[in-house]
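Work through the exercises below with the sequence and the coordinates open. Each task is followed by a solution in steps.

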Amino acid sequence: MVNASEIDYEAVFQALPSAVALFTTDLVYIDVNEEFLSSLGRTRDQVVGRYLPDAFPDNPEEPAVTGMAKLQASLRWVAATGQRDAMTLHRYDVELPDRPGVWEERYWSPVNVPVFGPDGKVALLLHREEDITELVRSRSGPGSDDRATMLEAELVTRARELQEVNERLRQAHAREREVALTLQGAMLPASGPLQDHRAAVRYRPAVGALNVCGDWYDLVDLPDNCMAVAVGDVVGQGLAAAGVMGQLRSALSAASRIADGPAQALEALGLYARSVDGAESTTAVTVFIDYDSHIIAYSSAGHPPPALLHRDGTVDFLDQATDPPLGARPEHVPRPQAEIEFTEGAALVLYTDGLVERRREDIDCGLARLADSLTSHRGADPETLADALLADLLPPSGATDDTALVVLPL
């Protein structure tokens, strides 16, 4: 039996029967297989290391044929969203390598797929294409069946129409994302306790992705010099997630004002969430701060643990009262609660999973990065610390998941 470590993946790549190419996210060829070179009539030196539109521009004699421009748009969309794109059948012509200025009409069926790096962001773009030129010609050449020719023409027409529909859908999703972000911004607090307690808050939507607007934060002043702080994350996308987020945030805010502690507030939220479509599996954590006794009480429903940064730079994660997400249990069970002391000058940091989680990486790695960043920036004011955490922990190209962040000085 051959082990995976013994497989020559370069040989596999070169032996693939379909034309396959690898791009950087800037659309520069970094590798192509032999079938790709054969089908396009190019040498490796004419392709590898070159920018896509430089290696294969659109036919200037056929301005209506914009297949290569559509391929570029698809690849950029895959790089931005991290989602696969199976393009419809379309035409783009290829310049004959031994006859400059002479173009051959060609038809293709491409698929573009993201390849993720260790940090969870898109590192490469895999492009596979099937040359179906001969199929099209066989259905429309001399002596071909008239009915087959008509069907082929219909297929090409419908394929182009489908490509246009796909583009309109992408634009519609982009508009929905913008509306959802605006709605979310209107529902999140921007004054009151934020200003009174000098809290710094940040929200960063996932770059290019459509599943946004499920994250929230909230700060509530309580009697007897106390305060409640919460963050949560709704599973869902777009306007639906934003709507659920608004309901749950408001419910938890109200529950915090009458509950005896954070666990009781989360219990009430969990019971309410059972009646809200789309609230299943929501995670949330809420913290009650008593400024007179210098005690933090907290409870978590499946959420990443808040971090307490002490004045000496040490970091404690509030992970001793963690329970399943909302709606995960069929029966109601009281939620756990724990406490920790703090000294004046400390800082409390609450966040959603986009700040620390990465694909194919244990959550402990992300928490260790967060602790290191907090220690490095100890003593910074809340606004500076919030910006530093985002700079240290989010990928340079932007977050791959929504990120909400609250930094509260104690």
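**Exercise 1: a surface patch**

At 41% relative accessibility, V12 counts as partly exposed (buried is under 20% relative accessible area, exposed over 50%, partly exposed in between, with a 1.4 Å probe and protein chains only). This is a predicted model, in which local features need pLDDT of at least 70 and side-chain atom pairs count only at pLDDT 80 or more, while totals for chains, interfaces and linings use all residues. Residues are numbered from 1 along each chain as its sequence is written, and side-chain values use heavy atoms, with hydrogens and water left out.

Task: Place V12 in the secondary structure and name the nonpolar patch that holds V12.

Solution. 
- Step 1. V12 belongs to helix 1, residues 9–15 (helices are DSSP runs of H or I with at least four residues, strands are runs of E with at least two, and both are numbered from the N terminus).
- Step 2. Together with I7, Y9 and L16, V12 forms a nonpolar patch on the surface. Patch members have over 30% relative accessible area and no salt bridge; nonpolar side chains (Val, Leu, Ile, Met, Phe, Trp, Tyr) are joined within 5 Å, like charges within 9 Å.
- Step 3. The four residues I7, Y9, V12 and L16 have about 350 Å² of accessible area together (Shrake-Rupley method, 1.4 Å probe, with only the protein chains shown counting as cover for residues).

**Exercise 2: salt bridges**

Task: State how many salt bridges a search of the whole structure finds, then describe the pairs R44 with D31 and D387 with R202.

Solution. 
- Step 1. The search finds six salt bridges (a side-chain nitrogen of Lys or Arg within 4 Å of a carboxyl oxygen of Asp or Glu).
- Step 2. In the pair of R44 and D31, the closest N and O atoms are 2.9 Å apart. R44 lies in the loop between helix 2 (34–40) and helix 3 (52–55) and D31 in strand 2, so the pair ties together parts 13 residues apart in sequence. R44 is partly exposed at 28%, and D31 is buried at 15% relative accessibility. D31, E34 and R44 are linked in a network of salt bridges.
- Step 3. For D387 and R202, the closest N and O atoms are 3.0 Å apart. D387 is in helix 11 and R202 in strand 9 (residues 200–204), so this pair ties together parts 185 residues apart in sequence. D387 is partly exposed at 39%, and R202 is buried at 12%.

**Exercise 3: a helix pair**

Task: Classify the crossing of helix 10 and helix 11 by angle and by hand.

Solution. 
- Step 1. The axes of helix 10 (residues 363–376) and helix 11 (residues 382–393) come within 10 Å and cross at roughly 140°. Axes are lines fitted to C-alpha atoms, for helices over the stretch in contact, and angles run from 0 to 180 degrees between N-to-C directions.
- Step 2. Helix 10 and helix 11 are therefore oblique to each other (under 35 degrees is roughly parallel, over 145 roughly antiparallel, 65 to 115 roughly perpendicular, the rest oblique).

Terms used. A crossing is left-handed if the near helix is turned anticlockwise from the far one by less than a right angle, and right-handed if clockwise.
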